[in-house]
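Work through the exercises below with the sequence and the structure open. Try each task before reading its solution.

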Amino acid sequence: MTEHFRTHLRGAAAAAAIVAGLALAGCNPQGGTGRDQAAYQLPALPATLPLAPGGTTEPAHAPAAALLPASRRIGTARVADPRDDYAYADDASGFADALGDAPPDYGFYYDDVEPWAWQGYDNSIEFVEPLSDGYRYYYYRPGADSPYFVRDPSYGYGYDGGRLAVVYGPDGSIIPDGDYGPRLDYASRYYARGRALYGASRERRPVIAANWAARQKAIVDARRWAAERAAQPSWQEYHQRTAPQQARHWDEEQARRRADAVRFAAWQGNDFSTPPPPRAIPPAWTRASWAHDDRRFAPPAPGFDGDAAARQRAAQKERDAIMAQARQPQRRPQDMPLPPGARPGINPNQQQPQPQPVTGGVEGPRRPLGPDVGYRPGADMAAHQQAVRAQQAAQQQQDQARRQQMMAQQAAAQQQQNRAAALARQAQLRDAAQARERAQNQVRAQQAAQQQAQARQRGEAQQRVQAEQRQAQQRVQAQAEARQRQAVQAQQRAQAQAQAQQRQAIQAQQRQAAQAQAEARQRQAVQAQQRAQAQAQAQQRQAIQAQQRQAAQAQAQAQQRQAAQAQQRAAIQARQRPPAPPVQPHPAPVLRSQPSAPAGHPTPEGHRHEPH
């Protein structure tokens, strides 16, 4: 299971190294700065070796990832803070930028391959081994025996605690852990090989200068990731956060490597015909047991960490020192560093010095001829001359013997040199044959690997095509199902909307019917009220009319009674009075009935109905 953890320097390992160096600054016996004291742990083994003279050789190529021995698959991890995903690549890039164009410090052999090493002032390490299609780079933190970053011509692999933390693609992008595929196996093999390389690097040997001159551009160009970093915004953001800290940490290393590059270029300008220049080392390393010879190791001239003018002055001082060294007497062959493949006492690329004439023998030093040879005053001149001739003959015999001895020694030395040269040529031919055989085997293995890789690629491509087809079918099916679901949902929504509209219409009809019924009931009530009112009014009119009729009838009856009473009184009076003259009779008045006044409305007083 992928574990989550937090990583820093990757953002903080360099900071930790800087802090450690500052903490020990007070222990500097030479009173150096904390930055100089950053190389506080002196390397036990030579951390750099002078380059060796010699002709260029063809490198043996390391196996490609697919051809490396299978190893136990390492676990995977994930950076807790995604902003630190580029810590591994950026840390390695910072070290590589500090190394610049400087030559390697030393080489070593592993699996018939000669990797080269650059060891930093803080004991960080970069190994580079040749491949058929480029180079593979391994980066180690100070004191670590396993790499934290490995980069081949296509991918980069970041490690943390023995686990694969991140994989970078050819363009510097982050590869999702679900897409690692065979790269997880490659990362595991690289990690195992990185540990093996570190163990083999203890047997160190100088690098042939001509080989570095031939491969310098390819190695330097391939180790730089500026273009990839510029294409990845997340990498740029991380680099901007840590660039000042990295610059402070690597400024001494950069100054040292600039001096080394100037020394190499000056030596190369002399066609490597002079002794190799000393390797540039941090000042603190001069206390190491292997760095006491200033002809082989020397700190850089001051100024390489300054501005452009200061760097130019420092470079000129280095070139002047190389020229002065070239004018000095040649070192003895036993003092020269041995190139790879040479044996002590034999340098196949330099003529052996001829034996010098013998300057002393068993007889002691030669004495000049003179009076002390045997000349005595008064002696016979002939005897003296004979003695002189005898001494001269003896001296000639001694000189001839010495010449013969010298010639014999020269012949023996020449024979020994010839035998050594023959052995060297045989070794070179054997090495060349073995190299050709290894190259042919490697070519065949690479061809087989390429065929296997192509087969795997075809299989993977076919699998990808099939997977893409399945995914396309699944997408089509999913889209169809989605459209069907959408249609069903739309139909359901339409039905629900129609049902809602229908319910609303029914409710509206019901409301309208209820309203109509209410209005009808209201109208009926109004009509009933109107009818009741009309009926009440009619009844009231009828009652009034009845009252009026009753009143008129009562009035008529009263009038009739009054008339009767008047008649009776008149009759009574007539009976009592004398008869009067007869009068013209008048018709009796006819009474008309008047409507009775409504209740509460009395008939106006004084209104009388008079007969006409």
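**Exercise 1: a strand pair**

Strand 8 (residues 156-160) and strand 9 run antiparallel and are joined by 5 bridges; strands are DSSP runs of E with at least two residues, numbered from the N terminus, and two strands pair if DSSP finds at least two bridges between them. The model is predicted, so local features need pLDDT of at least 70, side-chain atom pairs count only at pLDDT 80 or more, and totals for chains, interfaces and linings use all residues. Residues are numbered from 1 along each chain as its sequence is written, and side-chain values use heavy atoms, with hydrogens and water left out.

Task: find the bridge partner of Y159 in strand 9, then describe the turn.

Solution. Step 1: Y159 is bridged to L164.

**Exercise 2: a charge over a ring**

Task: state which ring lies under the charged end of R141.

Solution. Step 1: the test requires NZ of Lys or CZ of Arg within 6 Å of the ring centre and within 35 degrees of the ring normal. Step 2: the charged end of R141 sits over the ring of Y148, 3.8 Å from its centre. Step 3: likewise, the charged end of R223 sits over the ring of W118, at 4.8 Å from the centre.

Terms used
Helix = DSSP H or I, 4+ residues; strand = E, 2+ residues; numbered from the N terminus.
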